[in-house]
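Reader: Could you walk me through how to read burial and backbone angles in a model like this one? I'd like the general idea before each case.

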Amino acid sequence: MDVHCSTCNEPWDAHHLWHDAVFETGLTVEGAQTWCSLPRNQKLSDRYREEFRAVGWEFGQTLINVVHCPSCPKDAQPNPERVQTKAALEDLLGDDQDGLAAAFEDYRL
Ligand SMILES: [Zn+2]
């Protein structure tokens, strides 16, 4: 399932976000493996957000709500409408991240 960056519209595979992107951060392999074993609702603590931000990722409340990604052009700003729509879907479906990823894909968000 692909989800799109709210800033540059780059498609990202939800599987990549859940399982691979963390290995491209500054975390050690052990640190990244520890992250992988966390429940989904603990993956975006401040500490981990910081690690992701350092390599260009910014997320909404969930990992599949990509607000900013490493492919974004420098100084690009997120599309406010897209951010709002995704936040609303996140409120509705946030507990069901597979459902949320499917909704993002359906709406090409
Ligand atoms: Zn982007």
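Author: Gladly! Let's start with burial: a residue is buried if 20 or more other C-beta atoms lie within 10 Å of its own, exposed if 12 or fewer, and partly exposed in between, with C-beta atoms placed from the backbone. Asn9 counts as partly exposed because it has 14 C-beta neighbours inside 10 Å. Do keep in mind that this is a predicted model: local features need pLDDT of at least 70, side-chain atom pairs count only at pLDDT 80 or more, and totals for chains, interfaces and linings use all residues. Residues are numbered from 1 along each chain as its sequence is written.

Reader: Where does Asn9 lie?

Author: Helices (H or I, at least four residues) and strands (E, at least two) are DSSP runs, numbered from the N terminus. Asn9 lies in the loop between strand S1 (2–4) and strand S2 (11–13).

Reader: And what is the phi of Asn9?

Author: Most residues other than glycine have a negative phi. For Asn9, phi is near 70°, a positive value in a non-glycine residue. Asp75 also has a positive phi, near 65°, and lies in the loop between strand S4 (66–68) and helix H4 (80–93).

Reader: Is Asp75 buried or exposed?

Author: Asp75 is exposed, because 5 other C-beta atoms lie within 10 Å.

Reader: Which residues does Phe59 touch?

Author: Contact means that two C-beta atoms, placed from the backbone, lie within 7 Å. Leaving aside residues up to four places away in sequence, Phe59 touches Leu44, Phe52, Asn65, Val66 and Val67. Phe59 belongs to strand S3 (residues 58–59) and is buried, since 20 other C-beta atoms lie within 10 Å.
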